[in-house]
Amino acid sequence: MTRSEKVRAQRKHKRILQHFCESSSIHGLKHVYEDGSLMFERVVWILVFLSGVCFSSYFCWQVWQKWEQSPILTSVETQLYPLKNVPFPAVTICNVNKVSESKLYEVILANPKFKNVSYTKLQSTLRFMTKLDRAFDEYNDEENQEKLLEMSQLYQARNISASDLFEILKKAAPACSDMMMDCKWLESPEPCMEYFSFLPTDDGMCCTFNGAKYLDSMLGIESGSNETREPLRVNGNGYRMGLTLVIDAKLRDFSVINGKFDGFKVLVHSPEEFPDVADRGFVLGLGTETFVGVKVTTSFYTEEVAKEVSPKKRQCLMEGEKNLKYFEYYSRSACHIECDTLLMQERCQCRPYFFKGDNETGFCEMQAYKCIAKVFEEIRLNDDDVCDCLPPCSDTWYEPEISYASFPGRGFNRSSTYKRIERKRKIGPGVDMTEYFKSNVAMLHVYYKEKTGMRYRTDIRFGAADFIVNYDLNVYLASIGGLLGLGLGMSFISVIEILYYVFFRRLFLWQRVKLSRLTMRVTRILSRNSRQERKRNPRNLEVTENNNVWPSSATLSSSIATISSSSFDRQIPLTRRHSLNLPPHLQKRLSKY
């Protein structure tokens, strides 16, 4: 490209820029090329325009960053969510006494393998099995390790496996029927006990009401196997619309105590969750009547969140995004338990009896309890780093509010509950059970406190339309459209103008020039033919002039614009359609009209 061609191209670009500034709807640009303006004025307006660009760009970037960091928004969908849509919570009850003394003696006598194992040795073994952190005691580490090794050698010599020890624990633990003096569901004693399951937990063998299906073929435990039975539901609040229990601790039959108090540990949880009572359970003291009013809360995520936001950003998992190996349904607690199990199987080559696992992996013998206790403690301290367990996006959680009073009251002996206990326990007339109840028994009510629940909805914080323009007045200035309008006076049309002048303006000008040349060629041909016709027929000249139809002003202006566009390569200013700012040579041509 020669120097003259470069100069001509620069002039073309300058004229296009000038035309854009004069006709653009963006605020301030028309003052940059205003006729007669001083250089100082132009510099000031350029600085003002650049300030608007910086202002809008900065806050648009802030909006983008906010959307990137938190693309979702959780809000209350309703505070009147029907209770019938939510399963009644599972209630897991663990006796502080893990082993019945009388049952343990019976089991020892009935099993020949334990004939030469002392009661004290077996009692110590069950103590380690029901409280895992006993094996991880920094102050008595060497002593505990010696005890575990001694027990392991003893049981290996007598061919006693970990499965045999679990059978002792299961048979010697207080059964649900032994603990429940009375059970009422929706004010009806039948079939209340049918909804209980006797299951292994991290706090020993416990009783779970309204639990999900549990199957462990290695332990020989299968509960909730009736597939037609759905989780229990209620459609009302108050303790009469829930679960009422009278529970007997039987202090005289204590053998292996797992706690510094007498009573029970209770956990209210989702039916699908693993009952980690040792970590989350609350204490139920003896001689008390405890009311547990449950507030239920549910949450769900919209389909747009599932499709457009990754699990890392939304910090939860949709159904089907992660399947567990040992649990049918995903929950955060089940994920943690599976993570614990897999890590224990990897490091210790075994699993504890209360965790589900592979049938190929055996239960931990006594010498391995030190290993699994260390793994358990490591996961507790570094949970997020070890286990990748996000909560489910659609979840239900139960928040208990606990209140209690002394039990029994003076009117309890005349109640229908006491009369049922009299018949069941064969208590003779005139026998005063008040002192026994005060020192051995607790009463528990679990029910919904409110008639409805809370439901949260999680949706996209900014959709495609909201990100461009937000119609909420309170956050309007935080939207892209509002910021661009505030800083530059820009709109959607302004963006189209910019794209037009940057990418398409020269193409359209070239087409205009091409069209104008064709029009001029046709006009010359028609003019030549007309002159020839007049020469041949001079008598028709007057008629032709009288019948001539002059072009309209709009057509004339369009032609003028076309003629001026055809001079694009020369230094003749471009003239917009319907403009009065015409070049001098065109004004002379139009003077006769």
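Trainee: Is D459 buried, partly exposed or exposed?
Mentor: D459 counts as partly exposed, at 23% relative accessibility. Buried means under 20% relative accessible area, exposed means over 50%, and partly exposed is in between, with a 1.4 Å probe and protein chains only.

Trainee: Before we go on, what am I looking at?
Mentor: This is a predicted model: local features need pLDDT of at least 70, side-chain atom pairs count only at pLDDT 80 or more, and totals for chains, interfaces and linings use all residues. Residues are numbered from 1 along each chain as its sequence is written, and side-chain values use heavy atoms, leaving out hydrogens and water.

Trainee: Back to D459. Which residue does D459 form a salt bridge with?
Mentor: R457. Their closest N and O atoms are 3.2 Å apart. A salt bridge here is a side-chain nitrogen of Lys or Arg within 4 Å of a carboxyl oxygen of Asp or Glu. R457 is partly exposed too, at 29%.

Trainee: Which residues are linked in a network with that pair?
Mentor: E77 and R455 join R457 and D459 in a network of salt bridges.

Trainee: How many salt bridges does a search of the whole structure find?
Mentor: It finds 18. One of them pairs the side chains of K295 and E401, at 3.2 Å from N to O. K295 lies in strand β13 (residues 288–301) and E401 in strand β14 (residues 395–406), so this pair ties together parts 106 residues apart in sequence. Strands are DSSP runs of E, at least two residues; helices are runs of H or I, at least four; both are numbered from the N terminus.

Trainee: What other salt bridge does E401 make, with K449?
Mentor: The side chains of K449 and E401 meet at 2.4 Å, N to O. K449 sits in the loop between β15 (441–448) and β16 (452–460), so the pair ties E401's strand β14 to a part 48 residues away in sequence.

Trainee: How accessible are K449 and E401?
Mentor: K449 is partly exposed at 38%. E401 is partly exposed at 29%.

Trainee: New topic. How many residues are in the largest nonpolar core?
Mentor: It has 60 residues. Those with the most contacts inside it are L104, L122, Y155, Y353 and Y369. Such a core is a set of buried Ala, Val, Leu, Ile, Met, Phe, Trp, Tyr and Cys residues joined through side-chain atoms within 4.5 Å.

Trainee: Which element gives the most to this core?
Mentor: Helix α11, with seven residues. Elements giving two or more include α3 (101–110), α5 (141–157) and α11 (332–348).

Trainee: Now the surface. Which residues form the nonpolar patch?
Mentor: M39, V43, I46, L47 and L50, with about 460 Å² of accessible area together. Areas come from the Shrake-Rupley method with a 1.4 Å probe, and for residues only the protein chains shown count as cover. Patch residues have over 30% relative accessible area and no salt bridge; like charges are joined within 9 Å, nonpolar side chains (Val, Leu, Ile, Met, Phe, Trp, Tyr) within 5 Å. M39 is in helix α2 (residues 39–69). M39 is exposed, at 60%.

Trainee: And which residues gather in the patch of positive charge?
Mentor: R517, R521, R524, R528, R531 and K535. Lys and Arg count as positive, Asp and Glu as negative; His and the chain ends are not counted. A charge is placed at NZ of Lys, CZ of Arg, CG of Asp or CD of Glu. R528 is in helix α18 (residues 492–536).
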